[in-house]
Amino acid sequence: MTRESDGNDNVTVSVDAAWQRRGSGRSYDSLTGHCSMIGLKTGKVINYKWRSKACRICQRAEISGNIPRVHKCNKNFTGSAKAMEPDMVVDMVKESRSKGANITAIIGDEDTTTIARLRAKVDPTIDKALQESLTTLFQKYILNSEKLANLGSTQSNESFNKSVAAKAPKNRFYGGSRSLAYRVAAAVAQKNTGHKYTVDVNVSSGLSPGLYTRKLATLRDIQARKRKAVAITTEAKLRRIALKASRNQSSSTFEVREGVCYQSNTMIDTVTEDSDEKILEIPAPKKQTSRE
Ligand SMILES: [Zn+2]
């Protein structure tokens, strides 16, 4: 665990979990998942957890009808995939606090039960940053308050998740052994110290750091720094905004014409509204031939 304060400061963290496999739409059937906790100030991964519902040794034994040999079982979770996130977050907050990090506010996804569980299990005073003040401010937006409160703030967790996905591709299964844990750990090391973590790993396990490993790691770190430096310039930001605006504009013209296709609670809301009107398609504009 990295310390980001002297222990007396209030630490705000962002948490976000991801699954190695995600079913289409709302079905989560992944056997594995991981979760990161990132300090808001430092952008470093303070803590991380992984959960797996599978163990290859147990599975093999079951297939062959034998009793599995004595082993360090990889299975550390039995619930549903959706229940992994709250379980991991509760675990991480407990652990980080016991090590002295004074976590007082948590930024999360649109997952309310995580915070509710945290309040019940760890600390009833824990605050979901901004959410409560927003709740009182915008009664109308209560349902979306968490989304609004957290605009962009789990960004670093999401970038971490991408890094994990690069090391543990979604079309491969690593959850049956510690392979997944090592892959997640590698992503944490890369996030916190950069690509040179490979050199550090070699050194700490008594291997030669490797001339080419070191060279490549340095190169990758320079590239990453450059990318970051460019991304935070005003020009890059303006370009991103312009791109997003043009994307939004073209998609919203289509959405208006197509009617409601996908929207959460869309079928509940229609009780009060005319549902036929909602799914009504508006024909595309005719090409103008001449002015009359
Ligand atoms: Zn096992």
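Visitor: Leaving aside its neighbours within four places in sequence, which residues is Arg56 in contact with?

Guide: In this predicted model, Arg56 is found in helix H1, which spans residues 56-64. Once neighbours within four places in sequence are set aside, the contacts of Arg56 are with Gly176 and Ser177.

Visitor: Is Arg56 buried, partly exposed or exposed, and what is its relative accessible area?

Guide: A residue counts as buried under 20% relative accessible area and as exposed over 50%, with partly exposed in between. Arg56 falls into the partly exposed class, because its relative accessible area is 44%.

Visitor: Which residue forms a salt bridge with Lys49, and which parts of the chain does the pair link?

Guide: The structure holds five salt bridges, and in one of them Lys49 pairs with Glu95, the closest N and O atoms being 2.8 Å apart. Lys49 counts as buried at 14% relative accessibility, whereas Glu95 counts as partly exposed at 24%. The two residues are 46 residues apart and link distant parts of the chain, namely strand S3 (residues 45-52) and helix H2 (residues 84-98).

Visitor: How many residues apart in sequence are the parts that Asp91 and Arg51 tie together?

Guide: The side chains of Asp91 and Arg51 meet in a salt bridge with an N to O distance of 2.9 Å. Asp91 lies in helix H2 and Arg51 in strand S3, so the parts that this pair ties together are separated in sequence by 40 residues.

Visitor: Which accessibility class holds Asp200 and Lys196?

Guide: The side chains of Asp200 and Lys196 meet in a salt bridge at 3.3 Å, N to O. Asp200 has a relative accessibility of 35% and counts as partly exposed, while Lys196, at 41%, also counts as partly exposed.

Visitor: Which element gives the largest share of the lining of the second largest pocket?

Guide: The residues of this lining divide into five nonpolar, eleven polar and eight charged. The largest share, six residues, comes from H9.

Notes: Residues are numbered from 1 along each chain as its sequence is written. This is a predicted model: local features need pLDDT of at least 70, side-chain atom pairs count only at pLDDT 80 or more; totals for chains, interfaces and linings use all residues. Side-chain values use heavy atoms; hydrogens and water are left out. Helices (H or I, at least four residues) and strands (E, at least two) are DSSP runs, numbered from the N terminus. Ala, Val, Leu, Ile, Met, Phe, Trp, Tyr, Cys and Pro count as nonpolar, Asp, Glu, Lys and Arg as charged, and the others, Gly among them, as polar. Buried means under 20% relative accessible area, exposed over 50%, partly exposed in between (1.4 Å probe, protein chains only). Contact means heavy atoms within 4.5 Å. A salt bridge is a side-chain nitrogen of Lys or Arg within 4 Å of a carboxyl oxygen of Asp or Glu.
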